[in-house]
Amino acid sequence: MSKTLFDKVWDAHVVHQIKEGPDVLFIDRHMIHEVTSPVAFLGLKNRNIKVLYPEKTFATADHNTPTLNQHLPVADPLSANQLAALEKNANEHGISYWGLGHQKNGIVHVVGPEYGITLPGATMVCGDSHTSTHGAFGAIAFGIGTSEVEMVLASQCIMQPKPKKMRITLNGKLQKGVTPKDVALFIISQLTTSGATGYFVEYAGEIFEQMTMEGRMTVCNLSIEMGARGGMIAPDQKTFDYIKDREFTPKGNDWDKAMAYWETLYTDSDAQFDKELTFDGSLIEPMITYGTNPGMGIGITNHIPSADTVEGGAATYQKSLEYMGYQEGDALLGKKIDYVFLGSCTNGRIEDFRAFSELVKGKQRAAHVTAWLVPGSHKVLEAIKAEGLYDILTAAGFELREPGCSACLAMNDDKIPAGKYAVSTSNRNFEGRQGPGSRTLLASPTVAAAAAVTGKVTDPRELMNA
Amino acid sequence: MAYDKFTVLNSTAVPLPIENVDTDQIIPARFLKATERKGFGDNLFRDWRYHQDGTPKEDFVLNQDTYRGKILVGGKNFGSGSSREHAAWAVYDYGFRCVISSFFADIFKNNCLNIGVLPVQVSPTFLEEIFAAIANDPNTEIEVNLAQQTVHLSSTGTTESFEINPYKKDNLQNGYDDIDYLLNLKDSIQEFAQKTPL
């Protein structure tokens with residue numbers, strides 16, 4: 001029978017089928033962090049059981065870690081307590097632990113691929129909704145709750161009803177200044193923030209074939225922002241070249257065996273999806289959001305839509321614009337901004353820092369803009385220095401911070417103040433997401449760079465031509 | 001973690017007629033720093049419920065004595081965003097046992113089912129009817145019957161049925177736990193692990 005990529009990977013991991021119930025799904029790789037794991041370990045303790053396969057779980061500290069002076073003790077006692085709990089739990093159960101200051105430390109979804117934890121055809125979960133990132137490698141990867149983290153620790157399995165399948169195809173060629181982030185924000189703007197709920201998405205077509213692995217990660221990362229549990233892209237030579245010889249990828253005979261499996265991972269030509277959508281990638285502009293969910297995005301030269309043209313309730317829409325301090329019909333170009341955040345599991349990789357650096361090279365940060373540049377991992381930080389980007393950024397008036405989730409969710413001290421506007425390369429523009437009262441405009445590293453040097457929302461293509 | 005069995009719930013309800021209520025509104029990230037599952041109800045809808053100085057916002061529904069009950073009624077696409085189970089814990093810890101909406105985000109819905117909060121998806125028209133009935137009379141009772149999979153609105157007499165996975169229904173009715181189920185499959189799981197390609 002013809003199968004989709006998703007079917008092939010899912011079906012290869014079903015341990016047990018419950019009649020009229022969820023499938024019991026085997027999990028190949030499990031990542032944990034300090035925020036969503038402590039209660040799961042407490043559950044194991046209360047049941048007096050151990051982690052079944054500690055070598056399949058990897059722990060890194062990222063969500064509430066400071067991005068300055070990581071060599072000092074963490075000042076916030078609650079954060080320090082949570083970080084200590086992760087370390088203690090990992091050590092007690094024999095789990096790899098990459099804590100603060102460890103050379104492999106970084107954001108879960110950045111370090112997973114960096115060290116070859118992420119593999120094609122694998123099932124991968126983490127107590128974090130942006131686990132969908134790893135789908136870029138042709139893995140089934142999705143976020144889970146803490147009860148499910150406990151299930152995976154206890155049994156290496158979770159129970160999930162098989163989701164419906166959607167394919168999103170984009171052909172064409174991206175315009176200058178348009179990045180994978182713009183592609184994702186465009187798709188979400190078309191589907192709305194709940195348009196893919198209940199589905200697992202496969203991204204297909206020339207746009208994704210031409211995209212780098214890091215670009216694919218950015219797109220898959222944002223799948224959850226249209227409600228999809230995850231998104232995936234069929235592995236190709238680019239995928240195999242990326243993962244080869246990384247620390248946790250199979251070696252020798254094991255690599256050959258895995259490759260035999262990986263080469264079967266594509267959607268059969270006559271396989272059926274529950275929903276198919278197609279867009280022309282050539283028409284996408286640099287994108288930016290103007291509201292309080294990631295579906296509220298427009299091409300940067302467009303105006304904020306009026307309530308009667310958007311789906312859903314006008315009251316919710318107007319509440320959102322009121323929070324942002326914007327009006328229907330406003331142009332986004334020229335809106336003053338106060339902060340820029342480059343980082344997160346969405347756009348905290350080396351290619352993102354390259355794109356940002358390329359645009360700000362030879363220019364200066366606008367005097368009134370506070371910019372937080374936070375690499376996704378130590379490995380990214382090292383690359384920034386090795387490639388000379390550090391010097392470009394410093395000359396342009398920017399400072400680098402140490403790795404972590406930072407202002408994406410503002411659990412640490414990196415909070416955008418109330419009422420201030422931030423152009424952010426992260427993934428959510430929810431009310432208060434980046435700090436109580438903060439106002440977020442989601443965009444690509446290129447758009448963020450343009451805003452950082454002009455102090456207002458700016459079409460990066462104008463600066464690129466200069 | 002064990003939870004109370006869910007059979008029939010008769011209660012007044014708290015209305016929140018806003019769409020796309022995300023998990024950052026249900027519980028902001030800065031309140032996720034506990035290492036135990038307790039006290040999250042205090043910060044449920046924190047930034048809608050309190051000013052930054054900690055004083056209550058009088059116009060928010062949880063601060064109005066008029067609306068009380070074990071059922072929370074929310075607008076379309078309730079619980080979008082993060083996978084934080086803390087959002088479901090906060091709903092439970094505050095005292096809600098059921099959330100009614102016309103559409104739920106996947107992970108939030110799953111998290112609710114795993115901790116004993118029943119997510120009930122109703123039609124958009126019935127949701128409007130429920131909001132209108134509560135606006136008209138905050139003492140309107142709603143009956144949620146898990147065995148029969150029905151929601152009954154006393155003031156209008158309307159009843160609508162809802163869907164739930166039979167396995168999850170059984171769990172909720174009996175207070176069963178997924179982990180006990182999985183631990184009983186341990187031999188099959190270990191056998192399976194031997195032959196996985198990765």
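Predicted model: local features only at pLDDT ≥ 70, side-chain atom pairs only at ≥ 80, totals over all residues.
Trainee: What makes chain B as compact as a globular protein of its length?

Mentor: Chain B holds 8 helices and 8 strands. Its radius of gyration is 18 Å, close to the 16 Å that the globule rule gives for 198 residues, so chain B counts as compact as a globular protein of that length. The C-alpha trace spans about 60 × 45 × 25 Å along its principal axes. Of the 198 residues, 45% count as buried.

Trainee: What share of the contacts in chain B joins residues at least 24 apart?

Mentor: The share is 68%, taken among contacts between residues at least 6 apart in sequence.

Trainee: Why is α4(B) called mostly covered?

Mentor: Burial needs 20 or more other C-beta atoms within 10 Å of the residue's own. In α4(B), 10 of its 10 residues are buried. Among them are the charged-class residues D106(B) and K109(B), as well as I107(B), F108(B) and L113(B). Just after α4(B), G116(B) takes a positive phi of about 95 degrees.

Trainee: How do you know that the buried residues of α6(B) are on the same side of the helix?

Mentor: The buried residues in α6(B), residues 166-174, are K168(B), N171(B) and L172(B). They cover an arc of only 95 degrees around the axis, which puts them on the same side of α6(B). What covers them includes α4 (106-115) and β5 (118-121) of chain B. Just after α6(B), G175(B) has a positive phi, about 70 degrees.

Trainee: Which residues touch the most other members of the largest nonpolar core?

Mentor: The core has 194 residues, and C157(A), V340(A), A448(A), V91(B) and V117(B) touch the most other members. Domain 1 (5-262) and domain 2 (291-465) of chain A both give residues to this core, so the core lies between them. Leaving out residues up to four places away in sequence, V91(B) touches I26(B), L44(B), L72(B), F96(B), V99(B) and V117(B). Contact here is a matter of C-beta atoms within 7 Å.

Trainee: How many residues of chain A and of chain B does the contact between the chains take?

Mentor: It takes 65 residues from chain A and 50 residues from chain B. On the chain A side, the elements that each supply at least two residues include β1 (14-17), α3 (77-93), α5 (146-155) and α10 (252-262). The largest share, 7 residues, comes from α5(A).

Trainee: What is the make-up by class of the side of chain A that touches chain B?

Mentor: That side has 28 nonpolar, 27 polar and 10 charged residues. Gly counts as polar in this classification.

Trainee: How far apart are the C-alpha centres of the two domains of chain A, and what does their contact take?

Mentor: Chain A is divided into domain 1 (5-262) and domain 2 (291-465), and their C-alpha centres lie 24 Å apart. The contact takes 37 residues from domain 1 and 39 residues from domain 2. On the side of domain 1 that touches domain 2, α4 (108-114), α6 (180-191) and α8 (213-221) of chain A each supply at least two residues. With 5 residues, α6(A) gives the most to that side.

Trainee: How do the residues of that side of domain 1 divide by class?

Mentor: They divide into 9 nonpolar, 20 polar and 8 charged.

Key: Residues numbered from 1 in each chain as written. Chains lettered and ligands numbered in written order. Buried ≥ 20, exposed ≤ 12 C-beta atoms within 10 Å, placed from the backbone. Helix = DSSP H or I, 4+ residues; strand = E, 2+ residues; numbered from the N terminus. Arc of directions from axis to C-beta. Rg over C-alpha atoms; globule rule 2.2 N^0.38 Å. Core = buried A, V, L, I, M, F, W, Y, C linked by C-beta atoms within 7 Å. Domains from an automatic or database assignment.
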